Amino acid sequence: MSILSMTKTLMKSVFHGPYTLLYPIKKKEVFEHTKGSIEIEVADCIHCGLCQRNCPTGAIQVDRNSANWSIDRLDCIQCYYCVESCPKKCLKMGNQYSAPAVKKVRDEFTNARVSGN
Amino acid sequence: MEMMILKIIAIIILAPILGGLIAGVDRIISARMQGRKGPRLLQPFYDVLKLLGKESLRVNKVHGLYIYLSFIFMILTTVLILSGGDILLAVFSLTLSSVMFILGGYASNSPYSTIGAERELLAVMAYEPMVILAAIGLYYINNSFLSKDIINSSVPAIAYLPAIFLGFVYILTFKLRKSPFDLSTSEHGHQELVKGITTEYSGKDLAVIQVMHWYETVIAMAFVYMFIATAAPISHLYAVIVCIIIYLIEILIDNSFSRVKWKLALKSAWIVTIVLGTLNLVVLQLTM
Amino acid sequence: MGERTVIPFGPQHPVLPEPIHLDLVLEDETVVEAIPQIGYIHRGLEKLVEKKDFKQYVFVAERICGICSFIHSLGYCLSVEKVMGIEVPERATFLRTMWSELSRIHSHVLWMGLVADGYGFESLFMHSWRLREQILDLFEETTGGRVIFSACEVGGVRKDVTVEQLQKIKSTMISFEKELQEITNVFLNDASIKSRTKGVGVLTKQMAYDLGAVGPTLRASGVASDLRSTGYAAYGKLNFEPIIETDGDCYARTAVRIRETFQSIDLVKQCVDMMPEGDVRVDVKGNPDGESFIRLEQPRGEVLYYTKANGSKFLERYRVRTPTFANLAPLLEMLKGCDLADVPVIVLSIDPCISCTER
């Protein structure tokens, strides 16, 4: 039976200062493997469509005719199954989160070398 | 006569400002104890301003009326104590304000606020005897119920009434609505009765409830002040320091205890009242 | 016989972490009976098995619940591997066990914060969750995600852990244990917490066994049943004993979970010490065909997985029976005869995870 048993912890936190981070003024540091958003080296992409077939949510759309590769940022669940299935290894998991948005955001990448201009 | 009216107006306006600043400091210190940063100092004022701009949903005609009646009696209590008036009348006016508040809780017919009102009634039963014993103890030493005579005596009241002072500090936890005795409505809102007795209030009524809580804080601190202050000017400084220390201890107690059930709260408050209160009065009777 | 009032408890309530509806029939602050309604968060995840192939479904399986997420994905992978007869490399089983035990620590510390909030002790809640942040940072460093890691796949784990990361895990565990001692000391010894939990929500040993309680709810009533003793994943090689208490009240359940947290810290240290070298995955070819039935130990109790596959790349049936579903019947028994003020403490003491229950 004891009372006031939290006093030591409480006094320690008063003198230590806040343990919380003043986000968004100070950003949290991310680690090397943090799953942020998918990045593509579009010059290496051969538009085979394996990433589109394997994506669990259908966020990736690949169009061979117009050499287009696009991803819906809010549908992506950062599972990086596409990174593992790409035969050319041109997809990468970057460690910065995509920003919050009020509408669906579709990021498009076109392969200038193949698209004919 | 004009001096008296100016004094009353100054009390009515300055007391909630002081109460709001005390509430702001309370939230910042509580947050630091929990490892967070805490809101800004003037946050309680911003909250009340936000609430004033919202719609008050009233269930029936008397639902909002009781809060305003309770508010009027609370202002009356503050004016009586701080302008040097009769403290026994002030204690009864405070009780009347609590009763109006409880009736407001019953008036809305919601299950959460009904049970919250029952618990508030139990809390009033728990702390009322001690407050009355404190008023009687202060009368005994000074032969007057008027607060301006109490603070003008030559010896501080705490020298004759140490046990009653301790008992009063014990029930201060009920009045200031802090754990472990914040049964009916707590500031955090994370309890089984949602917000207890204040669940059904919104908008301007809820703003009035917050301001009433600030007045109550000032009244509680004024009572503690009366135990220490004497005619010498330096004692007023000591009284303010003791008030600050007592409030900091209350914040520490708030963060160190969980909420207890009403049976334990009632039993412990009455045991403290009976033991400390009657002991002190009996000793005073025998020695004075 | 007093007058009866009915108080609706939930689905949105500040005390409940997840939506469940209980109609509490009260007689003057004593609960006479509780009538539950569930179904607020049913998402039809078991039907999605017909649309996502068996390799993609692991991402759906881990999203059944946020707190027990890794063990759901582990269960799915173990059941499909059992159907297909795949042998996973030893390093992968040790990594999976290490992450499971870290998940268990994370779940129990989160629960401790919630139950402290349930009895109005806000500062203890904030400090418990401050400790939990250290575990989440460990997860983010090794797997990339804080709550949903996507670390398991059919055939092994997807990411390997370096030697520096393993050393960091071990040193974090040692400092975490010291800080946890201060917090759990308050849970077990503080007088006001004891007044809220001792003798509240008593479940006798016979009743727990008859009603089918699982997990810490069962172990706090004196029945020594812990599925990690069956030795799935790497548990057969670790030193481990189930923890039991005999009182069966809320205090006993708190004590079981606290002691399990310290035991898990010890198991993580054992895993790091015994980590073998080697690959972390094997390639999986072909489609599953057959049935399997496995049982795992989640932080909340015993979870069953039944899988049926018929040779195509979509599984035919995937059924999960979660521990909170089994604990709902003992919960209704415990609520009879308690005070209204005890209801949040009792509901939180079975650690309800309704999103697992309703998938």
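A residue counts as buried if 20 or more other C-beta atoms lie within 10 Å of its own, as exposed if 12 or fewer do, and as partly exposed in between. Keep that scale in mind for this predicted model.

Start with C:Leu304. This residue sits in strand E7 of chain C, which covers residues 301-310. C:Leu304 has 17 C-beta neighbours inside 10 Å, so it is partly exposed. Leaving out residues up to four places away in sequence, C:Leu304 touches C:Arg295 and C:Arg321. Now look along the chain to C:Pro344. C:Leu304 and C:Pro344 are 40 residues apart in sequence. Their C-alpha atoms lie 28 Å apart in space.

An unreviewed UniProt entry lists C:Cys65, C:Cys68 and C:Cys353 under "binding site". The three span 289 residues in sequence, yet no two of their C-alpha atoms are more than 8.8 Å apart, so they gather at one spot.

Take C:Cys65. It lies in the loop between helix H1 (57-61) and helix H2 (69-84) of chain C. C:Cys65 has 24 other C-beta atoms within 10 Å, so it is buried. Neighbours within four places in sequence aside, C:Cys65 is in contact with C:His72, C:Cys353, C:Ser355 and C:Cys356.

Is C:Cys353 buried or exposed? It counts as buried, because it has 26 C-beta neighbours inside 10 Å.

Helix H4 of chain C runs through residues 122-142. This helix has 21 residues. From first C-alpha to last, H4 reaches 31 Å, close to the 30 Å expected at 1.5 Å a residue. After H4 of chain C comes C:Gly144, with a positive phi near 105°.

Finally, turn to the contacts between chains. Chain A and chain B each give nine residues to their contact. On the chain A side, six of these residues are nonpolar and three are polar, with no charged residues. The contact between chain B and chain C takes 22 residues from chain B and 23 residues from chain C. Here the chain B side has eight nonpolar, 10 polar and four charged residues.

Terms used. Residues numbered from 1 in each chain as written. Chains lettered and ligands numbered in written order. Predicted model: local features only at pLDDT ≥ 70, side-chain atom pairs only at ≥ 80, totals over all residues. Helix = DSSP H or I, 4+ residues; strand = E, 2+ residues; numbered from the N terminus. Expected span 1.5 Å × (residues − 1). Contact = placed C-beta atoms within 7 Å. Nonpolar A, V, L, I, M, F, W, Y, C, P; charged D, E, K, R; others polar. UniProt positions renumbered as here; feature names shortened; annotations may be inferred.
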